[in-house]
Amino acid sequence: MALINENYLKLPGSYLFAEIAKRVTTFKAEFPEANIIRLGIGDVTQPLTPAVIEGLHKAVDEMAHAETFRGYGPEQGYNFLIKKIIETDYRSRGVELEEDEVFVSDGSKSDVGNIQEIFGVHNKVAITDPVYPVYLDTNVMAGRTGGFSNGIFENVTYLICNAENSFVPELPTEKVDLIYLCVPNNPTGTTLSKKELKKWVEYARTNNSIILFDSAYEAYIQDPELPHSIYEIEGAKEVAIEFRSFSKTAGFTGTRCAYTVVPKTVLALTANGEKHPLNKLWNRRQTTKFNGTPYIIQKGAEATYTPEGQAQIKSVVKYYMDNARIIKEGLESIGIQTFGGVNAPYIWLKVPKGLDSWSFFDKLLHEVHIVGTPGTGFGPSGEGYFRLTAFGNKEATIEAIERIKNKLSL
């Protein structure tokens, strides 16, 4: 009989969003007439912009003619998109990259989950707590985290982020090898300054650590003093891999396109101390397990870099950030403490006294028919907090806040 990967059995319960879906389904069966507003999962609601649609249509037409038809593309992505990424997202901020340091993919969730494959199972992992579940769960599946007890894994370093430290993680007191940072942060909606990021880069350089830097929400940063890329920090190209996505920036949650930057100067060691560039390992992984993002989708992504495309996606970002402001101001007007929502599309709120995260979830669902995300699903330090997203449509967002203000018993 075939044997299973028993590391999967270490995963506690069901995946967070599967549990949410289960509870909502049960509620709908009991109250089918309820008008549920979903502010939980971070899926977008606004349509793809005109520039993107035009780019997609042109690419579809190309596929109808033999002379412009394309089959398998390069696993790393087409150069027409990679060049635009480097020119617009990095060179404009003083960061130089080579074309073979950028890898186009079908989503940052895939990449941040798969990147751990190029690292040994004995690496010590550090994650912020609370954290996006994929960072932790994929390391559990790989057998890198040890046993699970009292809500934590024994071989994981948890970097506690809460209101007491303004959600700024402190450097580990022990040596760690892999450090996951999400900036702006999902779920807390907070971000880090250049000064704070510099500390992490210096720690990684001193300890031969690798920073896995998820900047999927960088387009939502409003403060001009805040960095959009870790490579704006001197020395980061020696120790950091960066993940970016078109999902929340340009509404590609359903069309799937992202990219990962692996500078050739980022090195890691073999067991006998030999240094190897991670760029080559990631390239080998992708060429073996990935056939590339569809040409049509990459042409749609390329269209976001035209002048019209840039203006249009900025308008969509503003739409969602207006929602964030509506949520934040509405909650604060009734005495609920909030964080985030200024440089990120997530609002992280303190659960009212007497409730835990899941009981507040049930209260919101049953009393005002609103779905959010319990903070405890993001880790032990998420207990007592709750996440709402700004990705709904504006009318529903306004309605949700009015219900909370006028109908939720606190």
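How many residues has H3, and what does H3 reach from its first C-alpha to its last? I noted twelve residues and a reach of 15 Å, close to the 16 Å expected at 1.5 Å a residue, where the expected span of a helix is 1.5 Å times one less than its number of residues. Helices (H or I, at least four residues) and strands (E, at least two) are taken as DSSP runs, numbered from the N terminus.

Before going on, I wrote down that this is a predicted model, in which local features need pLDDT of at least 70 and side-chain atom pairs count only at pLDDT 80 or more, while totals for chains, interfaces and linings use all residues. Residues are numbered from 1 along each chain as its sequence is written, and side-chain values use heavy atoms, with hydrogens and water left out.

**Entry: helix H3**

I looked up which residues of H3 are buried and found Leu81, Ile82, Ile85, Ile86, Asp89 and Tyr90; buried means under 20% relative accessible area, exposed over 50%, and partly exposed in between (1.4 Å probe, protein chains only). These residues are on the same side of H3, because they cover an arc of only 135 degrees around the axis, the arc being that of the directions from the helix axis to the C-beta atoms. An α-helix has 3.6 residues a turn, so residues three or four places apart point the same way. Among the elements that cover the buried residues of H3 I listed strand S2 (102-105), S9, S10 and helix H9 (295-303); contact here means heavy atoms within 4.5 Å.

**Entry: aromatic pairs**

I then turned to the rings of Phe, Tyr and Trp (its six-membered ring), which pair if their centres lie within 6.5 Å, with planes under 30 degrees apart counted as stacked, over 60 as edge-to-face and the rest as tilted. By this rule I have 25 aromatic pairs. One of them is edge-to-face, because the rings of tyrosine 90 and tyrosine 259 have centres 6.4 Å apart and planes at 70 degrees. This pair links distant parts of the chain, since tyrosine 90 is in helix H3 (residues 79-90) and tyrosine 259 in strand S10 (residues 258-261), 169 residues apart. Tyrosine 90 and tyrosine 259 are both buried.

The rings of phenylalanine 360 and phenylalanine 386 are also edge-to-face, because their centres are 5.0 Å apart and their planes at 90 degrees. Phenylalanine 360 lies in helix H11 (residues 357-368) and phenylalanine 386 in strand S17 (residues 385-389), so this pair ties together parts that are 26 residues apart in sequence.

H11 has twelve residues and reaches 16 Å from its first C-alpha to its last, close to the 16 Å expected. Its buried residues include Trp358, Phe360 and Phe361, and what covers the buried residues of H11 includes H1, S17 and helix H12 (394-407).

Which ring has the charged end of arginine 23 over it? I found the ring of tryptophan 358, with the charged end 4.0 Å from its centre; a charge sits over a ring if NZ of Lys or CZ of Arg is within 6 Å of the ring centre and within 35 degrees of the ring normal. Lysine 299 lies over the face of phenylalanine 80, at 4.5 Å from the ring centre.

**Entry: loops and backbone**

Most residues other than glycine have a negative phi, and most peptide bonds are trans. I found a cis peptide bond between aspartate 129 and proline 130, with omega about 15 degrees, and proline 130 is in the loop between strand S3 (125-129) and helix H5 (133-142). Another cis peptide bond joins valine 183 and proline 184, with omega about -10 degrees. Leaving aside neighbours within four places in sequence, glutamate 218 is in contact with Pro184, His228 and Arg244, and glutamate 218 is buried, with a relative accessible area of 12%.

Serine 166 has a positive phi of about 55 degrees although it is not a glycine, and phenylalanine 167 has a positive phi near 60 degrees. Are these two buried or exposed? Serine 166 is exposed, with a relative accessible area of 52%, whereas phenylalanine 167 counts as buried at 4% relative accessibility.
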